Structure formats: C-alpha cells, structure tokens
Amino acid sequence: MGILKTFALGGIHPKENKLSANAAIETLAIPKQAFIPMGQNLGAPSKPVVKRGDKVKTGQLLAEAGGFISTPIHSPVSGTIFKIDNILNSSGYKQPGIIINVEGDEWEESIDRTEEINSNIDYSSQEIIDKVKKSGLVGMGGATFPTYVKLMPPPGNTAEYLIINGVECEPYLTSDHRLMLEKGKEIIIGTQLLMKALKVTKAIIGIENNKPDAINHMTELVKGKEGISIMPLKVQYPQGGEKQLIKAAVNREVPSGKLPIAVGCVVQNVGTAFAIYEAVQKNKPLFERVVTVTGKAVKKPSNFLVRIGTPIKELIDAAEGLPENTGKIINGGPMMGKAINSTEIPIVKGSSGILLMENEESHRETESPCIRCSKCTYVCPMGLEPFLLSKVSKLGKFDIAEEEMIMDCIECGSCQYTCPANIPLLDYLRLGKNKTGAIIRSRGKTG
Amino acid sequence: MDNIIFIAIAALGGVGFVAAVILFFIAKKFKVYEDPNIDTVEEALPAANCGGCGFPGCRAFAEATVKSAKETKGLEGLNCPVGGNDTMQELGSILGLEVEASDPLIAVIRCNGTPTNHPAKAKYEGATSCAFAHALHGGEGGCQYSCLGLGDCEVACDFDALFMNSETGLPEVNNKCTACNACVIACPRDIIELRKRGPKDRRIFVSCVNAEKGGPAKKNCQTACIGCAKCEKVCKFDAITITSFLAYINFENCTLCRKCVEVCPTSAIWEVNFKLRKPKAEKPASVVERKASPTATEGKPIPLTVTIAAEQQPKTETKEENKDNKE
Amino acid sequence: MNMFTISGSPHVKSDESTKKIMYGVVIAMMPAMLVSIYFFGLQAVRVLFLAVLASLFFEWVIQKYLIKGPVTLMDGSALVTGILLAFNVPSNLPAWMIIIGALVAIGMAKMSFGGLGKNIFNPALVARVFLLVSFPVQMTSWPKPQPITEGLADVITGPTPLGIIKEGLGAGKTMSELKPEIPTYMQDFTGQMGGSMGEVSAIALILGGIYMLWKKIITWHIPVSMLATVAIFSGILWGINPEHYADPMFHMLTGGMLLGAIFMATDMVSSPMTNIGQLVFGFGVGLLTILIRIWGAYPEGVSFAILLMNAVVPLINKGFKPKRFGVKPAVTIKS
C-alpha cells in the first residue's frame, strides 16, 4: 500500500479499544415510550406539528424545520402522542420534546420496506436535495449539521470532491465500521446520489488503516463504479475532523474561518451516505440509526440499529446491563463525547455511541503546574497553542484569545489528552471560544 | 573664558526662548476645553473604577455626569453604586442639582441549593469556572437553574464582599457589598440580584429562580419555589407576582410583614436580619442558616431566618438567640 | 444508584505525567552520573548526594513554611535540579558552597518566581553562575579525572581544556604549540579531561540525549541547532586562522557544550514552546557561546549563553508561532 496518507499537523494516537468491531448490527426492540427532543440538529430546533392524543405512524412528520438551518423530525414509532413536554437532553438541560406511547409498529405506506437494493438513480440533483431536506437528514458523525445545507454550495463555490468519512477515528466506536461492512452497497449508492446532487465526478471514501476488512470490502464494491475511490489512511486522531480529512485525502487546507466548500470539498459521513440511500431510494426518513454500546466492563459490546427516541437505558440493558462499577456514561466517543448523568436520556440523530467507563478510569487526575513542555502545541491539529489559549481564557483576556485564533479550535481534545500536568486545557478553551464567539457576534451586530 | 560662558548662556537662552514661543502657540492652538467640574466630580467619586455604573471607570462617569447636568439639568440614569446615596448627594451639590435619594442596594443570592436541599446526583470534574460548567451540564443535582458553586462571582467581586461557603457550596454576601453589579454579570445562571437593602438591612426575597413546574422543581430541590401561589394569595399588598411557576417579590410594595415566609411550603422565601419569631407551641422553632441543619430536613420545613453578620449592626441579641436555639 | 461523573471531553488521558518526564530526565542523566563517579570517585558521590539532598530540603522548607502550599517534593523537579547542579560544579567543591548553590537554585531561581513551571531561568545554571562569580577560585580549579580502578591517589587539579587555550592564546602561543597540552578528542569523548562533574564524558551525555529523544522528553531542535551553530561559527573562524582559533570539534566536545545542549538548554520550563522558536533559541545559544569563549573574559560560555537566551524566551514565544492550519493555503485550487 505504500506510505499511507494522513494530515500534516499534530495529532495523537490514543488506544483504539474497538471492542465491538466484530459484533454485527442487531436491531433493537422498539421501546414502550419514545422521547423525541426537538433540538436534534445544529441550528434552530424543530417545531412540533402534532398535538397531544394524536395517533402517529412510523415515519410520519412530527415536527417541521424551525428555520433555514434546521430539519424536520419524523416519528420513529407508531402510537399515540402522550404529551409535548420538557425532556432531558444529553447536557442535563430540559428542552421541549414529544413523548409517544408506542402501539405496535405501523409504518407509513410510502416507505419501501423491502430488503431489495435499488441502484437505479433516476432523480435530478434538485430532487435528491429536496428528498434529503424532507427526510430530516443531519450529519451522522455527531455534529448534526443539516445535510441538505451542505449539498447546496453557496454561490461562487463549486464542489469538486466528495469525501465520504469512514475514518471513525474516535476510540471505542464501531458503528461506521459495521455499517461499511454490512451496508457497503447502500453506502456506495448513497455516495453516487450525493455525487449527483453535488454534480461532482470524484468521490473519495477515506477509511483508517485499522479497519482492513472494511477497506477490502469497500474496494471490492467500488470496482467498476465511475469516480469513486477508496483511500486507506494512517491511523491518527482527529482524522475524522472535516478539515483534517480534507488535508489527508486531497492535501488541501481549508482556510481559517472558512467552510470546506472553499477548497471545493464536501465531506459526508458514511452513516449519512447510508441514510441518504434510504431517504432517496426507499423513501424512508431518518428515524433510526446505528449506535455502538461499549466499554471495558460491558459484558456484550454491541452495535444496535436503534429507533431515535429510545432511552439509553434500553440499549444498556440489551448489552447485558450497566456494569456495577460504572463511573461515567458518555454519549459519543471518549475524545469528543458528552458525559451524561442519567440513563433516561434518549438516542438522538447525532448519537453515535454509548460508552460506559469504569469508575477508576472516569476521574480526572489532579492538576499540577504547567511545565511548559509544549506537548499540547505539538499535538494540536490546527497549529494553535492550547497552553496559551487556555491561560488567556482563564484570565478573561479574550482579545488575545481572538488574536491567537481561538475560534479555529476544533475541540478535538488532543491537547488535554496529552498534557502531562493534567490541566483541563479544553475546558478553558471551550470557555474562551464561547465568550470570544459571543464578543465577535456582538461586534458584528453593532459595527 | 568670559566669552565662552557668555556664548553658552546666550545659546541656551535663545534655544529656550524659541522653544517657549513654539510651545506657547501650540498650547493655544491645541487647547482642549475641559469642564473643571469633571475633575471635582472625579475627586468626589470613590475611585474604585469598578464599572458598576456602566461606564469604563470613574473618569468616564464623571464626564457623563457633568455632561448630563449641563444638558438635561439632572442626573437621570446615572448612579454610582459604590459611593451610594452620599456620593450622589455630593455630586448634586457640586453641580448645583437636586438629586433624588435612592435606596442602597445589595446583592442577594437567589438559590438555596445546599447539598442537603439539592443533593448531588452526579459529580462535576473539570475547570473551576461556572461559565464553562453552565455550558457543559445542567447541574450536579439536576436543577438547571441552581448555583453551580464554582465561584465565578467570588472572582468577579472586587470588594471582598462575596465569598463561597465551602459547606453550603453557595456564595454569601456580606455588608461590604457595594452593588457594583459585577457578580450579577459574572453569574451565568442569573441567580444574583441587586435588591434594596431595606430598613435596618431587613429584606425578604424568594431564594429560588427555578422556572419549572412545581413537581420537577421539587423533585430536585427541597427548597425550590414550586409556584403554588400561596404567597401571592396571602400578600395583601400585591407585592408578589408569579410568572412561569416562580414567585417574585417586588420590593416597592413589600411591607416586610413576613406572612409569605410563613406560608411558603418549601421555605423558598427568605427573611434576612429579622428578629427571631416567638417559638410556637407545637413546632420546634429553630434557626435554619444557610448551612442545612438537620431540622430543615425532617417534617415540614420551618420558616427561615437568616442573619447576616455585620459589625455595625446591633445584631448581638439575634446571635445569642441563635446560640440558645442550637443548644 | 451510581454517582456518575460529569466532565468535559476528552474522557481519556495519555499516560504522560510531569513525574514521568522528570524521572525520565533522571534516567537519562544516569550514564553521565556513573562516569562522574568512575572518574571522581567518592568525591562525586559526596557532591551528588549533597546537591540533591540540599535541593530537596530547600524545596520542602520553602513550600511548607514559606509558601504554605502543597508540598510537591515527589514530582522529581527538585531532584533533577539537584543532579544538574552537581553536574555543574567541580567534584572538590566544599560542602557549604554546594548548599549555597542549592539554595540559590531552588530558592532564588525557582521558588521566588512561583515554583515549578514559572521560572524564567534554568535553576541549576543560575546556581552555577552564582557560584562561579562568587567563588571563582574554587569553581575553576578542576580535579583531573582519575578512574577509580587506578586507586585513590591525591587529587591533582588543573584547568579545563578551554582554560588552557584561553590562557595559552592570551600568552601569545599558537594552537599548534598548545596541541600537546590539551586532551585528544578520544579523551574528550570518554571523559579524560578536566571539567565539572557532568560535562567530562561526551559519550555518556549523548547516550542520555538519545534516551530522552526516544522517550520524547526533548525534541531534536535545540541540541541540533545549538551544536550546528557552534560548529559552523567556530569552523568559519578556524578556517580563517587555524593557529589562533580552536577547531569546531574541540569546541563541541569541551566545556559543557554537550551538557548544555542536551540537558540545560532543553529544560522545558525555560525554553521556547514552538519548534521554530527552539531552533532560534539554539542558534542564539550557540552564537553567544562562541562569542563568549573567544572574545569574552571567561573561557567557558555555555552557561552564560543559555541564561541570556532564557531571558529572551518570552519574546521568542511571541514572535515565532506554530504554523497555523489553514492560514496559508498549501495548495492553490485549480479553477
């Protein structure tokens, strides 16, 4: 294979711990009650169009988009709307959501439920985008950015490459890996649909070298498919970050503060590609996804196909229960996921995994003084100086933080991972990013 | 020899004279008129440069005051919270204006989520910053309106007036508070409010900002305001309003009758610096300070009486009573 | 019910720690330590023992009774300072001077700035320069290395090779006349030359350097740029007049150049944070060292050069930022 490509700056290599890599995707039983929060995408939350007592079918529209950057939400189950109330989200804040009492599993008639693979693409670019928009698709990697927005390049920009992100650089998570192995054909068709929608001729599927089976499988499948190529990449975190992946795949650097489209690239997750296949070819809106349940103490690390709105509790039960000494539950991967404090929290469109950490590994070590070893600077994939940014953020000097380009931070956590003094670098960086962003926005309003 | 001295004096004198002439004209040409009142006003200000008035420093405030006095013949909307009434009266006399007396304010903490009242269900680890923790999670005890206890307000306070109590995990304000507003801005959850100090430093306020319905609020915190509206009904002076399941006491109308404190089922309403009530026969009266004493948890919570220790106040008797009760 | 922990990501942590780095440095110093014991015998053990003990003691006293903060004796930083201090003094230095050195290193150069991570200057070097300026006689009479195997003879003291050259050239001799007086490269390499305890054996120091590079405690930037500057600069001078200037190899192997390049200049706390900055720092140290050695009053220049460059590290940090992602597009897009 020769020398494998990767991104240029920084990066770390945490222990992979892909415990569930060999567990085939299982379909999880439908829960008794589904909790569907309204804010499942980056941007404006959705607006409910149903009311208490309504009967809904699986796949029926529950809420419409609440703005330009927003997506509709479809019912993942069939049953009666129990109430529209506040439900807990993964941050522990209450936000509006719909609770549905499940009755049977009756699907909308328009959804094609056959297993047959439909590879005829007879839609125009605009039709595909409309379908994607109507199906409520968001980025499945975790960022939950509405997919259709990415498919419509702003005027003046044209897409040249479509990059499909099969990197899955987060330790532990295997949902994308399993999806590529089991739904490879669908992903390829999804990729072709995306290529058509974006009017590009070249698509690259980037897969890290720690998944040789997926690389082989996908390479087999793309044979004879015009324009699609598989690119094995060297294992390096955070290769799954858009900017890093573009650098690794086509050696282009997205300019600071710009979107990938500025260098002619559009990045989509393999999960999104699969969802696009289902949305366009099968008329099936996004209401289920693959979620990894894993952890060192988990008896049966698994990958589940789960309906949106299923409480995390059910997934943990299906993986043979919450281990005794669980100290931390993480919604997502260990590098960028969110720690949650309740198992009642539902699966949303952006949940890629549930990681249960043992008590011993779930605590931070005591902070000690910075010895200026500059390891954080070496590993930063954006070429920033985390030690400096966290310090100025702590001191409230957000003007310096802005000058030092704090807004370019992708919050990958490499700096904090590597810090020998156990300084919560990313905590302060996030704080600084938050406040600096607010200052920049307020300046935009007044000036 | 004499010649050299003469030349030196002449040359230096000449240079000095030319420079003086140039300086004279420059000074004339670029003179900026500044109202001498600005300096006088600035001297009368406390020179804390805290920004509590909304201006960047005392000088800017002085400029604004003089401008306002000249243009509007009044000091509308201008107030130095640190100097308080005295300073504003002094400014009035300097500028020849009548200044309305305003009541002194103090910061109050509208949360009573002590570890006993609001038991933690999770443990936060990370940066000691409320602003960050607020963005990260809803709170250790589940109440997303509660104090996070990481002390952003303490850091913001320039007057040694606000400290975190390590036992209750809540901030406490002492009488050094100048109502400069810094802690109010620092708090990401808007828990701190500036309220009038009240006569003899007595005040009543709702020590909760939870806008949830009663049930969920009470589930997380024993002393949450559940929006039951008992206080609203018992108040004869229309001082209490309830918006989104949260009572708010308007200080203007409040007569400090303390009826609301008695009826509040969750002890969310606080009275500060009042004399202790006479104990009723059937219920053991006790002083519940911010540190949760065991009596607060058993049975129906007792009305709260809080004393804020202050040197200049005749509070000794209350303190003694406190002691007696504890024994 | 389990009490779950809430914290920001990342939720995993590498096994790096300050302690590990510090003890890594100690391991890297082992070869040089053993060589110094081999050549200077019990005297070396005495100096090492005293310097380490005094450093630890002062750190403990200051943290416990002056700062009244947590005592972090076990993080290994005082241990490293102690050993480096021992490396920088002659093996026959009186005990009380070593103790004063430790006090200066820990108290003045480290704790008065705020403790670990906040000092601008390398503590051990500050102590060495302090001792050199205060007690020039004791600090410049270097015992000749005598392997333990040759028995415990009386200690003979003498100047360092650099001292010989400085004095000889000053007296009007040429390099070829001085050649017999100075040790051969092979002797420099193994440690048979006059000098402070740690600096005598080039091979032991290089071994330590390789270990630290392997463990990623240091990067190659500072040592390489420093030695390269020394080699090039002294090489130019040597090329101009070989009779008046020592050759580059000699400069690289003598007078604590390697000790400085590998252990002193690379001190994390007092060196720049970016790789480009480190190259600049190494260049500055190399240049200043040769300037001081050839035209300065002292025969030895590494310590002064490093301390001078330590002082400009904040400026270097400000001036040389890492390459930011996406600031200068690496590839222009074909339209």
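This is a predicted model: local features need pLDDT of at least 70, side-chain atom pairs count only at pLDDT 80 or more; totals for chains, interfaces and linings use all residues.
**Group meeting: the A–B interface and the cysteines**

Staying on chain A, the side that touches chain B takes its largest share from helix α13, residues 425-446, which supplies six residues. By type, that side of chain A divides into seven charged, six polar and four nonpolar residues. Counting both partners, the contact involves 17 residues from chain A and 21 residues from chain B.

Now the area. Chain A and chain B bury about 1,400 Å² between them, and 47% of that is on carbon and sulfur atoms.

Next, charge pairing. How many salt bridges cross the interface of chain A and chain B? The rule finds one. There is a salt bridge between the side chains of Lys94(A) and Glu212(B), at 2.4 Å from N to O.

That leaves the cysteines. Over all chains, the structure has zero disulfides. Take Cys370(A): the nearest cysteine sulfur belongs to Cys373(A) and lies 6.6 Å away, and Cys370(A) is in no disulfide. Cys370(A) is partly exposed, at 29% relative accessible area.

On chain B, Cys225(B) is likewise in no disulfide, with the sulfur of Cys208(B) the nearest at 5.8 Å. Is Cys225(B) buried or exposed? Cys225(B) has 7% relative accessibility, so it counts as buried, the limit being under 20%.

Notes
Residues are numbered from 1 along each chain as its sequence is written. Chains are lettered from A and ligands numbered from 1 in the order in which they are written. Side-chain values use heavy atoms; hydrogens and water are left out. A disulfide is a pair of cysteine sulfur atoms within 2.5 Å. Buried means under 20% relative accessible area, exposed over 50%, partly exposed in between (1.4 Å probe, protein chains only). Contact means heavy atoms within 4.5 Å. Buried area is the accessible area (1.4 Å probe) that two parts lose on being put together, summed over both. A salt bridge is a side-chain nitrogen of Lys or Arg within 4 Å of a carboxyl oxygen of Asp or Glu. Helices (H or I, at least four residues) and strands (E, at least two) are DSSP runs, numbered from the N terminus. Ala, Val, Leu, Ile, Met, Phe, Trp, Tyr, Cys and Pro count as nonpolar, Asp, Glu, Lys and Arg as charged, and the others, Gly among them, as polar.
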